[in-house]
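I opened the model and kept notes as I went. The entries below follow the order in which I looked things up.

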Amino acid sequence: MDLLSSLKSLYLQSNLISGNVPSEIGFMTILENLDMGGNNLSEHLPTELGLLGNVKQLGLVFNSFSGPITSKLPAFTSHSSMTCPTMR
């Protein structure tokens with residue numbers, strides 16, 4: 001992930017990605033836009049998502065996540081947007 005440390009936008013929506021979200025994504029601290037919606041991601045969201053302090057747009061809808069999410073997501077300002085799934 002070191003090579004991606006200066007990445008500001010990552011759009012992975014609708015790519016048939018399965019499995020869980022790698023915890024290392026939380027160390028991409030410059031990331032502003034992250035969209036992983038429309039895949040087959042599952043399991044719990046990693047707590048490291050809370051490290052994404054610069055995120056302005058986060059898309060996670062249309063996946064198969066389970067478990068709580070409220071304490072794991074970054075704090076969003078009024079200039080941010082988030083599309084989040086309903087958790088099972």
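**Notebook: one chain, residue by residue**

I started at Leu4, which lies in the segment before strand 1 (9–11). The model is predicted, so I read every value as computed from it. Leu4 has a relative accessible area of 37%. I logged Leu4 as partly exposed, because that value falls between the 20% and 50% cut-offs. I then checked a distance from Leu4 to Ile25, which sits 21 residues away along the chain. Their C-alpha atoms are 9.4 Å apart.

**Entry: the whole chain**

I stepped back to the overall layout. I counted seven strands and zero helices. In sequence order the pattern reads β-β-β-β-β-β-β. The chain has 88 residues, and 35% of them count as buried. I looked up the accessible surface next: about 5,200 Å², with 55% belonging to carbon and sulfur atoms.

Which strands make up the open sheet, and in what order? I found three strands, in the order 2-4-6, with parallel pairing. Strand 2 and strand 6 are the edges, each pairing on one side only.

I went through the pairings one by one. Strand 2 (residues 18–19) pairs with strand 4 (residues 40–43) in the parallel sense, over two bridges. Ser18 stands opposite Asn40, and Gly19 stands opposite Leu41. On to strand 6 (residues 64–65): two bridges join strand 4 to it, and the two run parallel. Here Ser42 stands opposite Ser64.

**Entry: the nonpolar core**

I looked for the largest nonpolar core and found 15 residues in it. Val21, Ile25, Leu34 and Met36 touch the most other members. As background, nonpolar side chains tend to be buried together in soluble globular proteins.

I listed the contacts of Met36, leaving aside neighbours within four places in sequence. Among them are Val21 and Ile25. The list also includes Leu12, Gln13, Leu41, Gly59, Leu60 and Asn63.

**Entry: Asn39**

Is Asn39 buried or exposed? I put Asn39 down as buried, because its relative accessibility is 9% and the cut-off is under 20%. Asn39 is placed in the loop between strand 3 and strand 4.

I then traced its side chain. The side chain of Asn39 reaches the backbone nitrogen of Leu16 at 3.0 Å. It also reaches the backbone oxygen of Met36, at 2.9 Å. Beyond four places in sequence, Asn39 is in contact with Leu12, Gln13, Ser14, Asn15, Leu16, Ile17, Phe62 and Asn63.

**Entry: salt bridges**

How many salt bridges does the count give? I got one. The partners are Glu32 and Lys56, with their closest N and O atoms 3.8 Å apart. The pair links distant parts of the chain, 24 residues apart. Glu32 is in the loop between strand 2 and strand 3 (33–35). Lys56 is in the loop between strand 4 and strand 5 (57–59).

Glu32 is partly exposed at 23% relative accessibility. Lys56 is partly exposed too, with a relative accessible area of 42%.

Definitions and conventions. Residues are numbered from 1 along each chain as its sequence is written. This is a predicted model: local features need pLDDT of at least 70, side-chain atom pairs count only at pLDDT 80 or more; totals for chains, interfaces and linings use all residues. Side-chain values use heavy atoms; hydrogens and water are left out. Helices (H or I, at least four residues) and strands (E, at least two) are DSSP runs, numbered from the N terminus. Buried means under 20% relative accessible area, exposed over 50%, partly exposed in between (1.4 Å probe, protein chains only). Accessible areas come from the Shrake-Rupley method with a 1.4 Å probe; for residues, only the protein chains shown count as cover. Two strands pair if DSSP finds at least two bridges between them. A nonpolar core is a set of buried Ala, Val, Leu, Ile, Met, Phe, Trp, Tyr and Cys residues joined through side-chain atoms within 4.5 Å. Contact means heavy atoms within 4.5 Å. A salt bridge is a side-chain nitrogen of Lys or Arg within 4 Å of a carboxyl oxygen of Asp or Glu. A polar contact is a pair of N or O atoms within 3.5 Å; within protein, one must be able to donate a hydrogen and the other to accept it, and residues adjacent in sequence count only if both atoms are side-chain atoms.
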